[in-house]
Amino acid sequence: MTQPDLSPIPPGTEPPPQDDLFQFLAPDGTTHHPELWPDRETQLSLYRHMRRIRHFDERAWVLYRTGRLGVFPPYGGMEASQVGTAAALTNEDWLFPTYRDTGAALTYGLPVARTLAYWRTSPHGWAMPGNLKVLPFYIPIATQYPHAVGAALAESRKGTQNVALAYIGDGGSSEGDFHEALNFAGALDAPCVFILQNNGWAISVPTRTQTRAVNLARRADGYGIPGVRVDGNDVLATYHVTAEAVRRAREGDGPTLIETVTYRIKPHTLADDPARYRTDADNLGWAEKDPVTRLRAHLLADGLLTGDADAALTREIEAEFEAALAEADAYPDPTPAEILDHVFAEPTPQLLRQRAQIEAEE
Amino acid sequence: MTATATPTRTMTMVAAINDALALALEGDPTVHIFGEDVGVMGGVFRATDGLQARFGAERVFDTPLAEAGIVGLGIGMGLAGLKPVAEIQFAGFLYPALDQVLSHLGRYRHRTRSRFHLPMVVRAPYGGGVHTPEQHADSPEAILAHVPGVKVVIPSTPADAKGLLLSAIADPDPVFFFEAIKLYRSAKEAVPEGHYTTPLGQARLVTTGDDVTVICYGGMVEVCTRAAEAARAHGIGVEVVDLRTLVPMDTETVLASVRKTGRAVVVSEAPRTNGFHSEVSATIAEEAIEFLRAPIVRVTGFDAPYPPFTSVEDVYRPNPVRVARAIREVVRY
Ligand SMILES: Cc1ncc(C[n+]2csc(CCOP(=O)(O)OP(=O)(O)O)c2C)c(N)n1
């Protein structure tokens, strides 16, 4: 893997400019390392995934505002960070997404209807398809990291070449679980890929208040594992470094930490008011770094995509979403007693009594 | 609180908490407030709104996102002579910090024979009723109430929230202060201006009556008060006791009421088995069983995680209908 510059950066300063990052396709169209790029079919597929998950993010907001979805944490602008990483897996590998990673779960293969059901707070969204190794979106911060190490270790103990990939935010990387997991993974040679999506904010707290470190990938040094810092808005680059980390893990070379440097343009959730903690100046320049328009411009210039094909893709994505929405609309509401289901394999006598109580009160 | 006519101002519970925090910062230079998003943003519920602007970023500050770090930091600050007032963003996110609470916060005084003590307050929004996402509606008060050496306070009104919080901050020992999310903006009343304290360990009679005692706290007080009104319409006199502090519990007020009414209904929104309501029930059974005219009845959440399924969330959390039914049950026994 081509390593980014690891020279020391003075602590307590702003993060270095984005062009210091490992990058294939710059916002202005400049290209780097063409020999390492994924093939053209993969480029198109990454583009398609990004368009698909952006559509979900945009529709989710409309549905939220019209009361047809619960609290939704948007990821718009972070598509390259989620698609490039999740697309490097097969469904034999594990995915541990946080609430921010709806796009990654969709890319991995979580059906749109189930995903909508989850954010509608319907139990149908908690019923994870048996053919996927994806966990429900993690709400408590950082707790998923040790789980990913355990799943990765289990795969290697079982003799498979499957890996586990887990996401975390820049804020989440302050939690003890993050550090314990990285240390465990290194010490135990777990085939794990750790994605640290540095989107600049943990709700209202900017990364520079979160930590004095400016290069979060270098935290890997403390645990003896490789760390890579990549332009998180460049899907070709995120895909490349993740695919390399997955390959290393499969071949028994252990875990990797990947910091995807990106930005949360949208609020933390719709209930959040970013005007309380950041100004328009903070957002400056991030729209120009948009991952979707960046790759689209390149694909059009390269002749891989035509305007007509792009329009057809839009129609296909919209049709898929509307069909899934209709499917999710048809999921029945839970019955009251369902709140007691799935606590134990066999309900305890107490739960049976409590179920009878709920049914009597209906 | 004195009975003299002090000027009051109508406030929501979250405004009363903000007022108490401002008074504490103003009155004691050792008080420091910290946690996730408490600074610039003023907290996700705005409990610390404006405090950083007023008192500076040394005394009101955002920490990194790490609950064990927050409580552990507070322990060190407390040992070294400051008054840490930490916020955990939601009680359901207290769990990473439980090692610090169980291993240290509760036992520092004991393990140093009072050479060191921890005058720390940990505030955390808790409970359901407002359709929050998964794990945002937990009621873990019994877990804390089971740790020797920590006090647990849960106000149910704005005036109590202010007075109890100022007591908690003045207290020489660690205090967990749980704030019902449901009440933050819905509870509103005239709150005395200026500094006053409401003592820890004293329950409050919300209503008086001769037939049944309903014991509750926090977000359930409003629910029980409505149930009591409904029962009164049917000629049943209900005494609603708001515990206000779980540790130390005001057993005297509870027992005096139960001895008078001979019937007890204990209400909380936490899971049923091993909840604090069970402790209340056991205390009544031990100390006042000969006065009981009916079995003690608990009205609680269920032995399942708080449901994140909005359409059936209200099944979990006791409502006035369920409490009123329990009241009728013990009266008819
Ligand atoms: C253990 C825990 N503490 C606090 C929270 C409340 N909370 C939810 S999101 C968030 C900020 C997370 O920031 P980051 O890890 O950077 O991820 P991002 O939201 O930016 O994707 C906080 C504090 C939580 N969910 N879990």
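This is a predicted model: local features need pLDDT of at least 70, side-chain atom pairs count only at pLDDT 80 or more; totals for chains, interfaces and linings use all residues.

Colleague: Which residues make the contact?

Modeller: From α1(A) they are A:Gln43, A:Leu44, A:Tyr47, A:Met50, A:Arg51 and A:Arg54. From α10(A) they are A:Pro291, A:Val292, A:Leu295, A:Arg296, A:His298 and A:Leu299. By class, the residues of this contact are 7 nonpolar, 2 polar and 3 charged.

Colleague: Next, the two chains. How much area do chain A and chain B bury between them?

Modeller: The general idea is that the size of an interface is often given as the accessible area lost when the parts come together. Here chain A and chain B bury about 2900 Å², with 62% of it on carbon and sulfur atoms. On the chain A side, A:Ile139, A:Arg276 and A:Ile339 lose the most area to chain B, and together they account for 22% of what that side buries. Counted by residues, the contact takes 36 from chain A and 34 from chain B.

Colleague: How do I read empty space?

Modeller: Rolling a probe the size of a water molecule over the atoms shows where empty space is left. In this model there are 3 cavities of 30 Å³ or more.

Colleague: What lines the largest cavity?

Modeller: The largest cavity has a volume of about 60 Å³. Its lining consists of A:Arg52, A:Ile53, A:His55, A:Phe56, A:Leu106, A:Val112, A:Ile317, A:Glu320 and A:Phe321. The classes are 6 nonpolar, 1 polar and 2 charged.

Colleague: What is the volume of the second largest cavity?

Modeller: The second largest cavity holds about 40 Å³ of space. Among the residues lining this cavity are A:Leu110, A:Tyr118, A:Met128 and A:Phe137. The lining divides into 6 nonpolar, 1 polar and 1 charged.

Colleague: And the second largest pocket: which residues lie nearest its centre?

Modeller: A:Trp126, B:Glu134, B:Pro305, B:Pro308 and B:Phe309 lie nearest the centre, out of 23 lining residues. The volume of this second largest pocket is about 670 Å³. Its lining has 16 nonpolar, 3 polar and 4 charged residues.

Notes. Residues are numbered from 1 along each chain as its sequence is written. Chains are lettered from A and ligands numbered from 1 in the order in which they are written. Side-chain values use heavy atoms; hydrogens and water are left out. Contact means heavy atoms within 4.5 Å. Helices (H or I, at least four residues) and strands (E, at least two) are DSSP runs, numbered from the N terminus. Ala, Val, Leu, Ile, Met, Phe, Trp, Tyr, Cys and Pro count as nonpolar, Asp, Glu, Lys and Arg as charged, and the others, Gly among them, as polar. On a 1 Å grid over the protein atoms alone, a cavity is a set of points where a 1.4 Å probe fits but cannot get out, and a pocket is an open set with protein on both sides within 12 Å along at least five of seven lines; lining residues have an atom within 4 Å of a point. Grid points are joined across faces, edges and corners, and a volume is the space filled by probe spheres set on the points. Buried area is the accessible area (1.4 Å probe) that two parts lose on being put together, summed over both.
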